[in-house]
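User: I would like to go through this structure and check each label against its cut-offs. Please show it first.

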Amino acid sequence: MKIRNILALVAVSCMLVFASCKKEKSEIPDHLKIVPANSVMVMTINAKELVEKGGLNKYKDFEIYKKFHEEISRYEPEATKFIDEFLKDTRVTGLDLDKIYMYLQRVGRYDVFNAFTFGVDDWNKVAKWINQFHKIISKRGYQLEDGNGYKTYRLDSDHLLVWDKTKAILLNVREYDEESLPSFESFLKIDEENSIIANADFMGSLKANKDFTFWMPFKRIMELNDGSEEFSMLDKLYGEDWTKASMDISLNFTNEKASFSYSILPASLVEKYRKEYPILKDGFDQSLLNYFPSEFFFASKISFNVQEYYKLVVNMLNKLAEEMKSIDDEDYDDYYGYSDYSRMAEVIAMVTNEDVVKIVSSFKGDLIADIFGFQEGIIPMPKFGIAVTIDGEEAFNRFLGLLPKDIEFTKTDSYYSYSIPQVTTFYAGQRGDVMYITNVKEALDSFFAQGYKDNLSSSSIAQVLKDSPLLYSLNLDINKYPVFITSLLRESVGSMEYNMLSNFIEPFSTLDLVATKNYSAELNLMLKDNKENSLKVLFKAIDRYVNRFMGF
């Protein structure tokens with residue numbers, strides 16, 4: 001019975017993952033039209049692309065499949081044949097699994113209902129395949145229930161498959177009791193104005209044709225969390241337009257990278273607020289790249305308009321203060337953590353005093369922080385450097401004045417130093433409009449000597465450093481790390497876990513978080529070469545991991 005349960009799980013999982021398609025469609029599919037407009041989230045799975053990119057159309061090459069096939073064949077030869085037929089061509093199911101949609105919808109006050117939708121090629125073939133499937137897991141057939149132009153199959157107490165001649169929906173009815181469950185017809189028939197296809201932002205996000213897309217409207221998310229007060233506050237802080245905004249999160253695989261991206265829709269709304277608060281800068285002082293060696297372990301860069309960001313913060317505080325005036329005293333602690341309006345007024349006065357304004361005006365907004373080595377010692381320390389654009393020597397002295405009184409820097413020639421015995425020494429220097437902080441004397445000397453000859457300008461992340469206003473990049477090439485660091489990591493996580501990690505990340509060069517001026521962001525897992533798609537590389541790494549560490 002245990003084997004049969006596993007087979008059931010594998011078959012259902014395969015139906016959702018190992019999908020393929022042999023025809024192209026340009027029209028809106030019927031199984032997208034039944035996704036409700038008031039969904040809390042809609043996920044699009046571009047299954048056909050995933051199969052091709054991941055090399056799953058050659059599933060017999062994977063060690064996981066070989067071992068699984070060998071094991072199942074011993075106990076369930078009929079199941080083996082059934083699964084092989086499915087993997088060879090998923091259309092034996094009668095379903096069109098080119099693209100799969102999943103949506104979440106609110107049920108009652110707190111519960112969430114979810115469903116997957118599929119296309120249907122042949123609804124009689126679906127019934128035949130389900131009957132075969134049921135025989136595999138229970139050794140007997142299953143009598144399907146017929147409705148008014150649709151059929152139903154109850155997978156278990158919580159899951160129902162309902163389909164007609166063009167579409168199917170897999171329902172998770174756990175949040176419903178029998179009396180409150182809507183009619184099956186209502187899931188299969190939705191007017192266009194009540195369908196997600198009426199939402200221009202959602203339909204626009206589909207045009208990007210990413211492998212996975214998660215679309216979430218702000219308003220529905222706030223309603224789900226019963227955040228009426230918070231949502232009202234957002235309206236007042238950011239403007240009513242934000243009630244119409246949505247998040248677009250996607251996952252995509254190319255021969256260069258595996259990319260997880262985030263953006264806000266509609267683009268016109270983002271552009272409006274980008275012009276009102278141009279926080280991220282268009283330009284960047286590229287001379288900062290010269291002050292760091294090309295080889296790095298962690299590098300970060302930000303380029304933003306400090307004064308515009310300061311303006312935004314002050315504006316938000318003032319709007320928050322205005323809102324607090326209209327709230328009863330007993331509500332202050334619940335929502336804002338202040339006992340009365342006067343406390344907020346004190347915060348605003350502190351933020352807007354003359355000294356703070358001078359400090360804000362001292363920074364020009366370009367910064368690079370870089371870890372380019374490690375110091376061996378009682379406490380291993382990273383060798384780092386930080387370069388910041390400032391408004392000359394006066395701004396540098398103002399920065400030194402911000403340091404705690406118990407930190408006394410020693411002035412030597414043109415720089416300052418501060419030592420922590422048996423740990424490290426920190427150095428700070430200024431040249432022109434750049435301030436440099438490091439714990440490596442040679443790095444400071446290089447700063448004063450115009451920088452490194454082989455610098456970040458020739459690194460693997462040089463282009464994105466120049467183009468993006470914000471970047472965090474972690475070097476994943478574990479072979480480049482000093483032995484005492486990898487040994488420390490091995491001791492911390494254990495030898496097996498360390499080997500698993502190094503095996504998994506071996507094909508990848510860096511993990512990069514990149515932002516754009518349109519307030520979108522990407523988390524990119526970069527490949528060392530572009531010979532194969534990143535999804536195929538990931539699947540191969542998983543295959544190696546399972547084969548090596550799971551005893552296959």
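Predicted model: local features only at pLDDT ≥ 70, side-chain atom pairs only at ≥ 80, totals over all residues.

User: Which residues of α4 meet which residues of α5?

Analyst: Y65, F68, H69, I72, S73 and Y75 in α4 meet P77, A79, T80, I83, D84 and L87 in α5. Contact here means heavy atoms within 4.5 Å. By class, this contact has 8 nonpolar, 3 polar and 1 charged residues.

User: How many helices and strands does the protein have?

Analyst: The protein has 21 helices and 20 strands. Both are DSSP runs numbered from the N terminus: helices are H or I with at least four residues, strands are E with at least two.

User: How do α4 and α5 pack?

Analyst: Helix α4 (residues 63–75) and helix α5 (residues 77–88) pack at an angle of about 145°, and their axes are 6 Å apart. The axes are lines fitted to C-alpha atoms, for helices over the stretch in contact, and the angle runs from 0 to 180 degrees between N-to-C directions.

User: Why is α19 called oblique to α20?

Analyst: Helix α19 (residues 483–493) and helix α20 (residues 495–505) pack at an angle of about 120°. That angle makes α19 oblique to α20. The cut-offs are under 35 degrees for roughly parallel, over 145 for roughly antiparallel, 65 to 115 for roughly perpendicular, and oblique for the rest. The axes of α19 and α20 lie 6 Å apart.

User: Which residues make the contact of α19 with α20?

Analyst: T486, L489, R490 and V493 in α19 meet S495, E497, Y498, N499 and L501 in α20. The contact divides into 4 nonpolar, 3 polar and 2 charged residues.

User: What makes E52 and K48 a salt bridge?

Analyst: The closest N and O atoms of E52 and K48 are 3.3 Å apart. A salt bridge needs a side-chain nitrogen of Lys or Arg within 4 Å of a carboxyl oxygen of Asp or Glu. So E52 and K48 qualify. They are 4 residues apart in helix α3 (residues 47–54), about one helical turn.

User: Is E52 buried, partly exposed or exposed, and what about K48?

Analyst: E52 has 43% relative accessibility, so E52 counts as partly exposed. K48 has 13%, so K48 is buried. Buried means under 20% relative accessible area, exposed over 50%, and partly exposed in between (1.4 Å probe, protein chains only).

User: Which parts of the chain does the salt bridge of D211 and K53 tie together?

Analyst: The side chains of D211 and K53 meet at 3.0 Å, N to O. D211 lies in the loop between α8 (200–206) and β8 (212–217), and K53 in helix α3, so the pair ties together parts 158 residues apart in sequence. D211 and K53 are both buried.

User: How do you know that E354 is exposed?

Analyst: The relative accessible area of E354 is 56%, so E354 counts as exposed. Its salt-bridge partner K358 has 36% and is partly exposed. The N to O distance is 3.6 Å. Across the whole structure, the search finds 20 salt bridges.

User: Why is the pair of Y59 and Y65 called edge-to-face?

Analyst: The planes of Y59 and Y65 are at 75°, and the ring centres are 5.1 Å apart. Rings of Phe, Tyr and Trp (its six-membered ring) pair if their centres lie within 6.5 Å; planes under 30 degrees apart are stacked, over 60 edge-to-face, and the rest tilted. So Y59 and Y65 pair, and edge-to-face is the label. Y59 is buried at 10% relative accessibility, and Y65 is buried at 13%.

User: What makes F202 and W215 an edge-to-face pair?

Analyst: Their centres are 5.5 Å apart, with 70° between the planes. The pair links distant parts of the chain, F202 in helix α8 and W215 in strand β8, 13 residues apart. F202 and W215 are both buried.

Methods:
Residues numbered from 1 in each chain as written. Heavy atoms only, no water. Nonpolar A, V, L, I, M, F, W, Y, C, P; charged D, E, K, R; others polar.
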